[in-house]
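Here's a quick briefing for anyone meeting this structure for the first time. Have a look at the model, then read on.

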There are 2 protein chains.
Amino acid sequence: MNNVLNEIVNFSSLKLYFSILEAKDKLIKHLRQTITLTNEEAVIVSNSFKENRLQKKEVLLFAGEISSHMQFIAEGCLRAYYMDEEAKEHIVQFGIEEWWVNDLYSYLTKTPSKQFVQALEKSTILQIQRDTLNNLYDAVPAIERFFRIKFENAYVAFQYRTIDAMAKSAEVRYLEFRTKYREIEQRVPQYMIASYLGITPEFLSTLRKNLR
Amino acid sequence: MNNVLNEIVNFSSLKLYFSILEAKDKLIKHLRQTITLTNEEAVIVSNSFKENRLQKKEVLLFAGEISSHMQFIAEGCLRAYYMDEEAKEHIVQFGIEEWWVNDLYSYLTKTPSKQFVQALEKSTILQIQRDTLNNLYDAVPAIERFFRIKFENAYVAFQYRTIDAMAKSAEVRYLEFRTKYREIEQRVPQYMIASYLGITPEFLSTLRKNLR
DNA sequence: GAATAATCTTAATCTGGATTAATAAATGAG
DNA sequence: CTCATTTATTAATCCAGATTAAGATTATTC
């Protein structure tokens with residue numbers, strides 16, 4: 001009896017162990033799409049990240065807290081949003097597998113976050129602490145390159161998203177969102193897409209009716 | 001007679017030489033606010049940049065061209081803007097002394113720019129070519145760190161500007177622009193500020209009347 | 001310093017999207 | 001399977017900011 005139980009425990013912890021490997025493998029693969037890492041470097045990098053499992057609706061970062069980790073989504077779906085004076089939510093970013101989510105402003109300036117980061121599905125993320133990452137920049141310079149490139153791309157993507165948002169009608173933006181993020185569209189409720197697009201759910205609903 | 005002429009030529013080229021030094025000094029000082037550079041590194045960096053003088057209204061980058069330089073404003077005032085389908089201008093960014101201006105999307109993706117970059121005053125800029133910069137990242141790693149940090153900051157600043165733009169009324173945004181960029185406000189025409197804020201010049205004029 | 005161009009103001013009218021409020025449909029927990 | 005909660009739709013009314021059009025100031029240029 002005890003033996004069976006033991007086996008189950010071992011088996012489940014083994015499963016956990018493998019799934020962590022899987023998540024970290026995903027991270028290393030992701031990094032290697034942009035930079036070159038020797039196997040030794042990959043190990044150093046791997047060991048610098050901690051895995052974290054999130055339940056659906058679990059909040060990873062609350063407004064008011066200081067964000068002190070960069071986080072890579074290995075599995076699942078998250079959102080970053082802030083609440084305005086009237087307690088209305090505005091979604092700033094969605095993230096799925098192989099994206100990075102965070103309130104970067106809080107992370108970089110070490111000031112209290114204005115955003116929440118929340119899991120929309122059961123998710124697995126890999127986190128690295130600010131100090132650990134700063135040390136990693138010295139130990140593995142390619143990581144500094146990775147984030148330099150990451151931020152360059154994030155910046156221009158965001159700039160073009162904003163230009164779009166100002167120049168294009170809500171209808172056009174919705175259609176573009178659908179083609180660009182088809183997968184996200186199918187995984188999150190419609191009112192969140194409205195929030196991301198900067199329109200009310202009622203108006204999105206009207207748009208959709210007119211498109212039919 | 002010839003002697004006098006010679007003297008004038010020499011004097012003016014000497015003046016030019018000093019002003020280049022001045023611009024490059026400004027650059028090095030600017031970099032050293034963020035990173036550490038040895039004097040040898042400072043020389044390497046300095047030599048990687050070329051100075052460029054711009055007349056008022058001179059266009060540095062046309063939409064359609066591929067941006068192939070990063071550029072630092074040593075003196076003067078520039079703007080980056082794009083034109084929509086109805087040939088209306090939308091200002092994306094202003095830049096004054098010690099700012100960097102560019103169509104980063106074009107620079108980073110090597111695709112034709114959708115933006116124009118234009119001098120609003122007689123200006124002096126320092127330019128570094130993409131390939132030179134990429135080599136510099138290897139020769140002087142602190143430069144890679146500089147741009148990593150620069151892009152991080154640019155990204156979060158832009159993100160917060162966008163959140164503001166969506167959440168706040170045009171009046172509030174104008175008031176914030178005035179306090180944040182008082183100097184720019186005094187150097188560029190009002191209709192350009194309207195364009196930057198994403199409103200019509202007529203509406204900005206109305207806002208201003210109501211504020212009095 | 002007069003003429004022309006560039007910029008700014010005012011006022012009337014119009015519109016994309018918000019707000020409010022009610023109902024309907026889908027999801028999920030027990 | 002059922003009741004409660006979460007999402008989504010519809011329709012009426014409202015408003016911030018756009019558009020249009022004219023005139024008034026302010027800069028530039030010759």
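Chain A and chain B bury about 3200 Å² between them, and carbon and sulfur atoms give 67% of that area. Buried area here is the accessible area (1.4 Å probe) that two parts lose on being put together, summed over both. This is a predicted model, where local features need pLDDT of at least 70 and side-chain atom pairs count only at pLDDT 80 or more, while totals for chains, interfaces and linings use all residues. Residues are numbered from 1 along each chain as its sequence is written, chains are lettered from A and ligands numbered from 1 in the order written, and side-chain values use heavy atoms, with hydrogens and water left out.

**Where the chains meet**

- The contact (heavy atoms within 4.5 Å) takes in 28 residues from chain A and 28 residues from chain B.

**Helix 5 against helix 5**

- Helix 5 (residues 141-167) of chain A packs on helix 5 (residues 141-167) of chain B at about 30 degrees, their axes 9 Å apart.
- Axes are lines fitted to C-alpha atoms, for helices over the stretch in contact, and angles run from 0 to 180 degrees between N-to-C directions.
- Helix 5 of chain A and helix 5 of chain B are therefore roughly parallel (angles under 35 degrees).
- By class, the contact of these two helices has 10 nonpolar, 4 polar and 8 charged residues.
- Nonpolar means Ala, Val, Leu, Ile, Met, Phe, Trp, Tyr, Cys and Pro, charged means Asp, Glu, Lys and Arg, and the others, Gly among them, are polar.

**Inside the chains**

- Helix 4 (residues 130-139) of chain A meets helix 5 of chain A at an angle of about 115 degrees, with axes 5 Å apart.
- Their contact splits into 7 nonpolar, no polar and 2 charged residues.
- Over all chains, the structure holds 22 salt bridges.
- One salt bridge joins B:Arg79 to B:Glu89, with the closest N and O atoms 2.9 Å apart.
- B:Arg79 sits in strand 4 (residues 77-83) of chain B and B:Glu89 in strand 5 (residues 89-96) of chain B, so the pair ties together parts 10 residues apart in sequence.
- Helices (H or I, at least four residues) and strands (E, at least two) are DSSP runs, numbered from the N terminus.

Notes:
Angles under 35 degrees count as roughly parallel, over 145 as roughly antiparallel, 65 to 115 as roughly perpendicular and the rest as oblique. A salt bridge is a side-chain nitrogen of Lys or Arg within 4 Å of a carboxyl oxygen of Asp or Glu.
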